[in-house]
Amino acid sequence: MCRLSAITAARYFSPMENILALETMKEGHDGSGLGLMLKDLGGEFEHLKGYPILSGICSHKGMDILDDYMVDKGFRVKHKWSPDIRPTPGIRKRDHYLAKAYEYPEPYRDRPMAEKEDLLMRTRLELRAIGEPDESIFVFSFYPDILTLKEVGDPLEVGEFFGLDKDPLKAKIIFAQGRQNTNYAIYLYACHPFFIQGYATMTNGENTAFVPIREFLSGRGNPGYMGYNSDSEVFTHILHYTCRTLGYPLTYYKDVITPLKNNEIEGRSDRDALKLIRKTLRPLTIDGPNCVIGFTPDGHVFMTQDAKKLRPGAVGGVKGKYALMSEECGVNRAIPKRDTSTDIYPMKYDMVIVSPNAEEVTVWNQLDN
Amino acid sequence: MESAGQLIQSDELTYQDFPYIIEWREDRCTRCGKCTAVCPVKAIEPTVRTQRVVRSEGSTPVPTAKRITVSVVSQSRDIERYCVGCGTCSMVCPTEAIRPVYNSHHRFLIYKNKGGNAYTRGGRRNDPSPSTVEQLKFTRISMLTDPALDAGRHEFHIRTLLGRNLPPEQLPVRVEGRKLVKDAEAFIPPVREIFPIRIGSMSVGALSPHMWEGLAMGVAYLNEVEGLPVVMCTGEGGIPPRLLKSRFARYMILQIASGYFGWDEIVHAIPEMKEDPCAIEIKYGQGAKPGDGGLLMAYKVLKLIAEIRGVPQFVDLASPPTHQTKYSIEEAVAKMIQAMSMAWGFRVPVYPKISGTRTAQAVLNNLARNPYAAALCIDGEDGGTGAAYNVSMDKMGHPVASNIRDCYLDLVKQGKQNELPLIAAGGMGKSGHLAANAAAMIMLGASAVDIGKYIMQATANCLGDEYNRCNLCNTGRCPRGITTQDPKLYRRLDPDMVAQRVVDVFRVADTELKKIFAPMGRSTELPIGMSDGLSVSNREIADRLKINYAC
């Protein structure tokens with residue numbers, strides 16, 4: 001089972017905090033990979049909020065192809081960042097790890113954000129299609145104020161490999177996943193967190209309802225609903241579909257993946273809508289065991305579980321900084337000075353939501369509405 | 001040496017030509033005559049024959065030969081009176097002196113065309129080999145990385161939806177504050193939440209009053225006492241008026257077929273109905289006899305049936321192979337589905353049932369485009385019937401597994417797999433594994449399955465099998481009293497016992513479905529289309545159904 005480590009804060013912090021928290025949960029991951037996703041970036045990206053950042057890995061050949069492609073599409077490089085690689089035994093260094101901020105192509109600069117998002121997703125998918133067959137290009141995200149790093153290896157070693165203990169790279173929301181490789185080959189596109197148009201999730205556990213969910217999402221006509229090298233990628237796409245495509249408030253994500261029973265729905269004030277959703281979005285029901293941690297474009301961070309098997313999760317912190325982890329020890333490592341009596345262990349009806357800038361944490365309960 | 005002509009008549013068949021040979025034990029038989037009296041086809045008869053007996057008696061025994069006359073039970077060699085193997089003789093025999101034995105070398109079909117009459121019968125395809133669905137196994141077992149559920153402890157939602165589900169993008173909801181609100185005026189197509197195994201269409205006329213009553217009582221009990229929303233389809237010909245106007249009508253799917261029998265009565269009863277029916281099934285085809293019509297023999301059209309169907313007594317009731325007023329699927333969809341929907345104010349799901357066919361996807365795609373079509377039921381080649389030509393049953397039709405799979409994957413391509421439910425019928429539980437067959441079809445993409453033959457076998461001990469045993473449904477002489485209108489025969493059947501067995505069957509199916517879904521980690525929703533859970537040890541089937549090959 002993978003281990004999840006999310007921190008959201010009002011101030012910038014280093015991803016090493018997440019990695020060190022993962023280290024305390026080490027019995028739960030086998031060091032087969034680390035995925036890092038940073039949102040609301042500080043450091044050298046602090047003043048580049050409006051510029052989409054392309055995060056990925058390329059071979060030398062892939063880099064040339066990528067650069068040519070981006071120039072051809074009218075993207076102009078605004079800023080480049082790459083980790084200061086420290087060779088580490090057991091981690092195979094690839095040619096280029098990159099995060100490049102671009103200026104939008106001229107015709108898109110004044111377009112609405114939704115159109116820009118579609119352009120960015122299309123571009124990411126096209127680059128993926130070009131580079132995936134020979135693994136010359138991996139693109140994890142292409143979106144403003146989002147930076148993603150992924151590599152195979154022990155999380156702490158990967159963190160040091162990327163030089164994150166020295167690098168001033170910081171952000172206000174950082175997700176990290178320590179991978180426990182189970183039924184899928186170690187492949188970078190199978191590594192959490194997953195991202196689409198401002199929405200991200202990382203999950204642990206297995207998704208027993210994966211195939212029907214994948215088939216339902218694939219039929220929604222969104223080219224971004226693809227990949228699925230991991231059965232957990234659907235969690236991100238369900239979030240995107242629920243909140244962006246259908247426009248439902250965030251709490252309905254919980255109602256979609258773990259719908260209430262008919263008699264429970266009767267207790268909700270929005271029962272009429274909920275009954276319709278339950279039928280219409282029935283194929284998106286999960287059966288666990290899963291713990292899902294995600295963020296939305298506006299900076300809300302949440303944790304929720306399946307309704308039966310309940311992969312564990314703990315949320316704790318202080319105003320201005322909260323940690324959402326697979327285990328209590330991870331929370332202790334990230335935010336040791338806190339009132340532990342206020343820690344939250346979400347149960348089957350719960351969705352823990354931390355507001356932007358870690359202002360406040362609320363537990364939304366499916367039944368209390 | 002005598003000539004062969006003196007030994008046998010060349011137009012006379014031998015016992016070896018017959019599918020069942022009567023094994024009669026003279027030493028046990030008391031000559032009570034029950035077996036010959038009860039035989040539904042007069043395949044056995046009491047007769048006498050001379051016998052040479054050699055006895056040695058006296059103080060110095062000397063063998064003495066005598067010819068005596070003995071009474072025996074003899075099997076007819078008349079092809080019109082062939083032994084059907086029903087075994088009713090064995091059932092009544094007090095000394096276990098008689099039984100039919102299957103003869104695998106028989107040449108029955110070669111001779112069963114006497115008088116130029118093609119062989120007709122009831123039952124289903126005579127092919128005892130395991131069907132495709134029977135070969136599917138559940139191989140995605142949750143182990144360690146994904147703890148299995150507990151079938152006895154966890155809550156399971158073994159329910160399916162019958163009706164047209166709106167696509168999410170078209171749901172009439174809007175955000176108000178942080179909540180979703182449904183538009184009050186919006187039309188929502190009717191959708192029923194039912195148990196995923198249904199009792200398929202069998203008419204009041206085809207079944208005896210006791211059988212039909214037993215099924216209906218069992219279904220009502222399951223709903224009202226057990227909380228299992230099992231529904232049954234009436235078949236063509238309507239239902240008794242009291243039932244139609246009762247609150248139990250909501251457990252009934254009313255079928256309209258090409259003869260439209262009973263529909264004048266139903267339509268006139270609508271204003272008096274307390275409850276809407278569960279659904280309306282428009283029968284376009286039947287898996288057992290694809291492209292063929294229906295026929296209720298005149299001798300089954302007794303007073304009650306004539307009243308329900310709105311016809312005179314004792315006339316043959318033929319339903320034509322097609323709906324005579326329709327000439328295209330567009331018309332069928334537009335007229336029938338919309339007309340039926342309108343009759344109940346668009347509160348009742350209306351869907352067609354077709355026989356399995358290579359053209360099923362053409363039908364499917366037409367339905368997918370019609371927002372009122374509530375489902376598609378496909379009846380495969382293993383479906384049963386009360387009466388059909390043997391050639392239709394044995395050789396016509398399409399296996400249901402690949403038909404359903406193709407249709408499901410077609411819907412997946414269109415993103416409509418949750419909008420138009422598929423119902424699989426034909427051969428479910430043929431080998432006794434009802435829940436496993438149902439679960440396999442669900443994982444291939446069906447939303448529900450129908451059973452017919454299985455429920456007759458399980459609840460009323462129907463004798464029919466795929467070795468052509470019994471299969472007398474069409475003659476009105478059903479030895480179990482299931483498919484007959486003869487009171488002497490249907491009195492053999494206790495409707496309360498049938499109802500009890502219906503309840504048993506569905507309670508067990510519910511338990512077994514949980515025992516299948518729990519180790520696969522599924523409980524919240526029916527695993528429709530969870531094809532990664534299935535495997536088969538036949539490469540061609542695996543490729544065709546796009547499932548795993550495991551061996």
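The model is predicted, so local features need pLDDT of at least 70 and side-chain atom pairs count only at pLDDT 80 or more, whereas totals for chains, interfaces and linings use all residues. Residues are numbered from 1 along each chain as its sequence is written, chains are lettered from A and ligands numbered from 1 in the order in which they are written, and side-chain values use heavy atoms, with hydrogens and water left out.

Chain A contains ten helices and 16 strands. Its radius of gyration is 20 Å, close to the 21 Å that the globule rule gives for 369 residues, so chain A is as compact as a globular protein of that length. The radius is taken over C-alpha atoms, and the rule is 2.2 Å times the number of residues to the power 0.38. Helices (H or I, at least four residues) and strands (E, at least two) are DSSP runs, numbered from the N terminus. The C-alpha trace of chain A spans about 60 × 45 × 40 Å along its principal axes. Of its 369 residues, 65% count as buried. Buried means under 20% relative accessible area, exposed means over 50%, and partly exposed lies in between (1.4 Å probe, protein chains only). In chain A, 73% of the contacts with a separation of 6 or more are between residues 24 or more positions apart. A contact means heavy atoms within 4.5 Å. Chain A carries 46 positive and 50 negative side chains, with the centres of the two sets 2 Å apart. Lys and Arg count as positive and Asp and Glu as negative, while His and the chain ends are not counted. Each charge is placed at NZ of Lys, CZ of Arg, CG of Asp or CD of Glu.

Gly294(A) lies in strand E11, residues 290-295. Gly294(A) is buried, at a relative accessible area of 0%. Beyond four places in sequence, Gly294(A) touches Phe175(A), Ala200(A), Thr201(A), His300(A), Val301(A) and Phe302(A). Pro193(A) is 101 residues from Gly294(A) in sequence, but their C-alpha atoms are 8.6 Å apart. Gly159(A) belongs to helix H4, residues 155-161. Its relative accessibility is 0%, and Gly159(A) counts as buried. Leaving aside neighbours within four places, Gly159(A) contacts Met16(A), Ile19(A), Leu34(A), Leu164(A) and Asp165(A). Ile85(A) is 74 residues away from Gly159(A) in sequence and 9.7 Å away in space, C-alpha to C-alpha.

Chain B comprises 18 helices and 23 strands. Its radius of gyration is 27 Å, close to the 24 Å given by the globule rule for 551 residues, so chain B is as compact as a globular protein of that length. Its C-alpha atoms fill a box of roughly 115 × 60 × 45 Å, taken along the principal axes. Buried residues are 56% of the 551 in chain B. Among contacts in chain B between residues at least 6 apart, 75% join residues at least 24 apart. The accessible surface of chain B is about 24000 Å², and 52% belongs to carbon and sulfur atoms. Chain B has 66 positive and 57 negative side chains; the centres of the two sets lie 3 Å apart.

Helix H14 of chain B covers residues 434-444. Ten of its eleven residues are buried, so H14(B) is largely enclosed by the rest of the structure. Among them are Leu434(B), Asn437(B), Met441(B) and Leu444(B). Gly445(B) follows H14(B) and has a positive phi, near 135 degrees.

Asp292(B) sits in the loop between strand E14 (279-283) and strand E15 (294-296) of chain B. Asp292(B) is partly exposed, with a relative accessible area of 25%. Apart from neighbours within four places in sequence, Asp292(B) contacts Pro321(B), Tyr389(B) and Ser392(B). Ser355(B) is 63 residues from Asp292(B) along the chain, and their C-alpha atoms are separated by 10.0 Å.

The contact between the chains takes 42 residues from chain A and 48 residues from chain B. Together the chains bury about 3800 Å², with 54% of this on carbon and sulfur atoms. On the chain A side, Leu276(A), Arg282(A) and Lys308(A) lose the most area to chain B, together 18% of what that side buries. Buried area here is the accessible area (1.4 Å probe) that two parts lose on being put together, summed over both.

Notes. Accessible areas come from the Shrake-Rupley method with a 1.4 Å probe; for residues, only the protein chains shown count as cover.
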